[in-house]
Amino acid sequence: MDDRDGWIWLDGQWVAWRDAKVHVLTHTLHYGCGVFEGLRAYKTDAGTAIFKLAEHTDRLYRSAHIMNMKMPFSKDEINQAHRDAVAKNNLDSAYIRSMVFFGSEGMGLRADNLKVHVMVAAWTWGAYLGAENMEKGIRIRTSSYTRNHVNSTMCKAKANGNYINSILALQEALSTGYDEALLLDHEGFCAEGSGENLFIVRNGKLYTPETTSALEGITRDTLITIAREQGYEVIEKRITRDEVYVADEAFFTGSAAEVTPIRQYDNRDIGSGSRGPVTEKLQALYFDYVHGRRADRKEWLSLVS
Ligand code: PMP
């Protein structure tokens, strides 16, 4: 990942990919107190465009605010860095990773002289959960790890440290033969995947967990909007694991995961055990929007150049 050509935006400068390094005493590396974003740029007829750039930048700022990190750049500068990271690396389509982190100016939990640094990198990244699974659907299991409690790490922040919980859950799922984990909250209700929000379809209605202990997913918002426009009722509520067992369809959403069907949960087929018709329709619509194939909602796309 680090040994390649290209450019990374670091604190307002373009640094050669191989040289974009930090010191081993970087504070965020030690304690996980940092925030980040993951977003995608897609090829459209008008050129390469980032999907919901402003929404991601807004969340990056909200995350930083929650973690008490003072952003050293304006939102316009950050937006431009994202566009340029795609253009400067000559990418048609891309995954973009931005991160806000504390530097190596001090060590220890009490360090009070830390600089806030920002980086933006972009590279080509295919379907997060596998291209064939976008049609076939994935197999998931309930994690033995409880999702972060709302009063231990802050669930509205996309904070680096929150992902220890995600990685433990994902490692467990993968090592026991599943594609992804579904984490329950501390009361036993479905929260989210290790990097995705959950939706189920039951009797023609869509349900998704409230974002109490799940990230306020931007793809989740997109799906709610486009599903409602299609006439589906979308209900945000607590969902139990057995509601997912008896759902007609289920899918995950995320900027990386896009719209990924779930075909099996805890070894039980969901509905027919394959991608359901509502999932298929909304997934196709999502891909139409991100690729600029729809006449409406052009404001969701930011051309990179
Ligand atoms: N939950 C978690 C834990 C995530 O990491 C992500 C990916 N950012 C999501 C949900 C989905 O969020 P989004 O649609 O904004 O990518």
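Me: How far apart do the C-alpha centres of domain 1 and domain 2 lie?
Reply: This is a predicted model, where local features need pLDDT of at least 70, side-chain atom pairs count only at pLDDT 80 or more, and totals for chains, interfaces and linings use all residues. Residues are numbered from 1 along each chain as its sequence is written, and side-chain values use heavy atoms, with hydrogens and water left out. The chain splits into domain 1 (7-123) and domain 2 (133-290), with bounds from an automatic or database domain assignment. Their C-alpha centres are separated by 26 Å.

Me: How much area is buried between domain 1 and domain 2?
Reply: Let's begin with who touches whom: 22 residues of domain 1 are in contact with 20 residues of domain 2, contact meaning heavy atoms within 4.5 Å. Buried area is the accessible area (1.4 Å probe) that two parts lose on being put together, summed over both. Carbon and sulfur atoms give 60% of it here, and the total is about 1800 Å².

Me: Which residues of domain 1 lose the most area to domain 2?
Reply: Three of them together make up 34% of what the domain 1 side buries. They are Phe36, Phe51 and Arg59.

Me: How many salt bridges does the rule find across the interface of domain 1 and domain 2?
Reply: The rule wants a side-chain nitrogen of Lys or Arg within 4 Å of a carboxyl oxygen of Asp or Glu. Across the interface, the count is two.

Me: Which element gives the largest share of the side of domain 1 that touches domain 2?
Reply: Strand S3 (34-44), helix H2 (53-66) and strand S5 (94-102) each bring at least two residues to that side. Helices (H or I, at least four residues) and strands (E, at least two) are DSSP runs, numbered from the N terminus. With nine residues, the largest share belongs to S3.

Me: Which residue forms a salt bridge with Glu236?
Reply: The whole structure holds 19 salt bridges. In this one, the closest N and O atoms are 2.7 Å apart, and the partner of Glu236 is Arg220.
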